[in-house]
Amino acid sequence: MVDSAQTTMTGLARQPQLPESKRRVLTLLRRHGASTKGTLAEHGQMGWSTVVKAVDELVQEGLVEQGGRQDKSPGVRGKYASLYRIAESGPRAIGVDVELHTTHIVLTNLKDDVILEERYPTPRRAHHQATEDFLVESLRAFMSKHSVEASSLAGIGIGILGIVFPTNHERDNVERAKRIASHLERVFAARVVVDVNSKVYALYEKWTNATFGSADFMLAWIRTGVALSIFQSGQLCRGTHGLAGEIGHMRVAEGGTLCRCGNTGCLETVVNQHYLAEQYRTTVRGATSPGEAGDVLADLEELFRLVKADNHAARRIVTTAGSYLGTVLAGAITVLDISSVVVSAHFGPDGDAIVDPISDAIRNAILPNVNFSVRYVPFDPMGHVLGAALLVLQDYLVHA
Ligand SMILES: [Zn+2]
């Protein structure tokens with residue numbers, strides 16, 4: 001099997017990889033929590049001797065620890081089976097999420113525990129050098145405040161904003177990520193992996209929730225923009241310029257509004273959280289001053305609640321957005337033959353109301369009788385920073 005980590009953007013060689021059986025045990029413990037060797041063998045479809053050897057070695061290496069005993073079922077003879085879990089002393093990584101205003105840094109482990117956490121203001125409109133300097137300074141501040149040695153880490157994972165528009169920089173996320181990673185690797189003498197934040201979030205989704213360990217799925221990420229992350233055979237597709245899945249700047253609306261990229265009618269001008277909230281304010285709530293910014297997230301939650309309550313104006317807004325997105329997703333499904341789509345957005349508990357319009361548009365555009373699934377997952381505020389750490393920590397895991 002080709003390992004996903006081979007394609008990560010780093011100049012520093014990663015540590016020798018754990019055998020697959022050990023990574024499988026760690027993956028199952030991450031997913032199911034404390035388990036007996038018996039349940040590990042069952043869930044991982046591994047032979048008993050393989051499990052015993054893998055667990056015993058992981059315990060010796062300090063990656064797994066024994067934690068209590070399983071409750072004995074009545075009537076079952078024999079000893080209480082020991083439970084094993086990912087060790088507190090197991091591999092740790094720093095995750096960094098660089099957002100427009102705030103940069104969030106955590107120290108975490110394979111269990112997603114937030115061991116340490118800090119936030120720093122992101123410099124405005126920083127050029128390359130300033131971005132690198134800022135990352136060095138904030139990482140140094142984080143590590144010295146909490147006495148974290150870079151040498152004790154599996155590495156540092158960083159999620160950065162995608163190519164910013166308008167820009168004079170070449171539109172190449174791979175080059176930019178490589179440049180930042182190799183600079184930080186020189187400074188910290190640690191493994192550093194950098195990727196754009198939509199892909200980092202998708203990585204988090206891959207190793208949590210219902211998509212856990214899935215090899216093939218696409219994650220449509222709707223925030224202030226819209227992006228698609230594509231996992232094929234377990235690998236995150238980046239493309240030549242790291243622009244694979246950057247669907248936000250495909251023109252979908254003829255004569256549409258001006259986009260920050262300089263074109264008009266881009267997908268992200270008609271599918272983004274601010275636009276949807278504004279549509280809600282002007283056409284559903286009938287705000288007299290449409291430009292008046294309210295609480296975007298509260299407005300979105302209300303918009304989707306109203307769709308479920310069969311409010312026609314609300315339904316029209318969500319159906320239009322869902323059709324635009326669905327039509328683009330149909331193209332991706334057709335080209336890639338990946339049938340599982342996860343939509344991640346900040347739409348609140350009724351956000352799954354966007355699933356039907358997306359599915360209808362896909363069904364309308366693809367070959368009849370091709371099966372596909374569309375699922376909505378609400379945004380997890382820790383997803384970006386923990387996903388950044390997973391850029392490094394996923395080396396300890398294995399796909400389903
Ligand atoms: Zn655009």
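**Reading the strands and the core**

Tutor: Strand S8 (residues 217-222) and S11 run parallel and are joined by five bridges. Helices (H or I, at least four residues) and strands (E, at least two) are DSSP runs, numbered from the N terminus, and two strands pair if DSSP finds at least two bridges between them. This is a predicted model, in which local features need pLDDT of at least 70 and side-chain atom pairs count only at pLDDT 80 or more, while totals for chains, interfaces and linings use all residues. Residues are numbered from 1 along each chain as its sequence is written.

Student: Which residue in S11 does Ala220 stand opposite?

Tutor: Ala220 stands opposite Val343 in S11, and Val343 in turn stands opposite Tyr376 in S12. S11 and strand S12 (residues 373-378) run parallel and are joined by six bridges; one further pair is Ser344 with its bridge partner Val377 in S12.

Student: How does the chain cross from S11 to S12?

Tutor: A crossover is right-handed if, with the strands pointing away from the viewer, the path from the first strand over the helix to the second runs clockwise. Here the chain passes from S11 through helix H11 (residues 355-365) to S12, and this β-α-β crossover is right-handed.

Student: Is S11 mostly covered or mostly uncovered?

Tutor: A residue is buried if 20 or more other C-beta atoms lie within 10 Å of its own, exposed if 12 or fewer, and partly exposed in between, with C-beta atoms placed from the backbone. Strand S11 (residues 340-345) is mostly covered, with five of its six residues buried, and in the protein chain of 400 residues 44% count as buried.

Student: Which residues have the most contacts inside the largest nonpolar core?

Tutor: A nonpolar core is a set of buried Ala, Val, Leu, Ile, Met, Phe, Trp, Tyr and Cys residues joined through C-beta atoms within 7 Å. The largest one has 109 residues, and those with the most contacts inside it are Ile156, Ala220 and Leu303. Helix H10 (residues 312-336) gives the most to this core, with 10 residues. Two residues are in contact if their C-beta atoms, placed from the backbone, lie within 7 Å; leaving out residues up to four places away in sequence, Ala220 touches Val226, Leu228, Leu325, Leu329, Val341 and Val343.

Student: What is the strand order of the open sheet of five strands?

Tutor: The order is S5-S4-S3-S6-S7, with mixed pairing. Its edge strands, each pairing on one side only, are strand S5 (116-121) and strand S7 (192-196). Within this sheet, strand S3 (residues 92-98) and strand S4 (residues 102-109) pair in the antiparallel sense over seven bridges, and Val98 has Thr103 in S4 as its bridge partner.

Student: Which strands does helix H5 lie across?

Tutor: Angles run from 0 to 180 degrees between N-to-C directions, and axes are lines fitted to C-alpha atoms, for helices over the stretch in contact. Helix H5 (residues 173-188) lies across strand S6 (155-160) and S7, and runs at about 155° to S7. Helix H6 (residues 197-206) lies across S3, S6 and S7, running at about 105° to S7.

Student: Finally, why is Lys22 counted as buried?

Tutor: Lys22, which lies in helix H1 (residues 20-32), is buried because 21 other C-beta atoms lie within 10 Å. Leaving aside neighbours within four places in sequence, Lys22 is in contact with Ala54, Glu57 and Leu58.
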